[in-house]
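Me: Could you walk me through this model? I'll ask as we go along.

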Amino acid sequence: MRRQLNSNQRRAASVLLGLAGVCAAIMCILHGAGPVPVQAQPKAEYVDPSICADCHQDIAATYRQSGMGRSFHRVDASDRTASFNTHNTLFS
Ligand code: HEC
């Protein structure tokens, strides 16, 4: 036979149901944030070509004469070819 709950028991049951709902909402919010992506490998960076020249001297010597080899260097103001002092015409 089914037992009837008294008013205190009903109140306790509704408080427990409310707490369960709040916990479920918090879990949904936390789960919705999702896992933080992790980089699988360390960030790749350029290697100074002079390191390659230790073993590949012939290739390094000819590479330095190529357009790509001459473009590969750290940029600084001394080798800037563009003029930023005059009003340049821009074509778009
Ligand atoms: C410690 C010495 C050493 C350094 C430093 C080195 N290499 Fe090598 N590299 C070798 C050797 C040895 C081989 C194999 C050569 C062979 O099998 O004939 C090779 C092979 C290569 C090959 C294949 C060549 C071919 O004809 O198949 C490339 C491309 C290459 N290296 C690029 C580089 C680059 C770019 C760097 C610098 C980031 C570098 N190497 C630094 C020793 C070195």
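Reply: Let me begin with a term: pLDDT is the predictor's confidence in each residue, from 0 to 100. This is a predicted model, in which local features need pLDDT of at least 70 and side-chain atom pairs count only at pLDDT 80 or more, while totals for chains, interfaces and linings use all residues. Residues are numbered from 1 along each chain as its sequence is written.

Me: Where is confidence lowest and where is it highest in the chain?
Reply: The lowest mean, 80, belongs to helix H1 (residues 7-33), and the highest, 93, to helix H3 (residues 57-63). The chain as a whole averages a pLDDT of 81, and 96% of the residues score at least 70.

Me: How many helices and strands are there?
Reply: The chain has 4 helices and 0 strands, where helices (H or I, at least four residues) and strands (E, at least two) are DSSP runs, numbered from the N terminus. The radius of gyration of the chain is 35 Å, well over the 12 Å that the globule rule gives for 92 residues, so the chain is more spread out than a compact globule. That radius is taken over C-alpha atoms, and the globule rule is 2.2 Å times the number of residues to the power 0.38.

Me: And what does the C-alpha trace span along its principal axes?
Reply: It spans about 95 × 45 × 20 Å.

Me: Is Leu 5 buried or exposed?
Reply: Leu 5 is exposed, with 10 other C-beta atoms within 10 Å; a residue is buried if 20 or more other C-beta atoms lie within 10 Å of its own, exposed if 12 or fewer, and partly exposed in between, with C-beta atoms placed from the backbone. Buried residues make up 0% of the 92 residues in the chain.

Me: What is Leu 5 in contact with, leaving aside neighbours within four places in sequence?
Reply: Leu 5, which sits in the segment before H1, is in contact with Arg 10 and Ala 13, contact meaning that the two C-beta atoms, placed from the backbone, lie within 7 Å.

Me: Where is Phe 91 found?
Reply: Phe 91 is in the segment after helix H4 (67-71), and it is exposed, with 3 other C-beta atoms within 10 Å. Its C-alpha atom is separated by 51 Å from that of Leu 30, which is 61 residues apart from Phe 91 along the chain.
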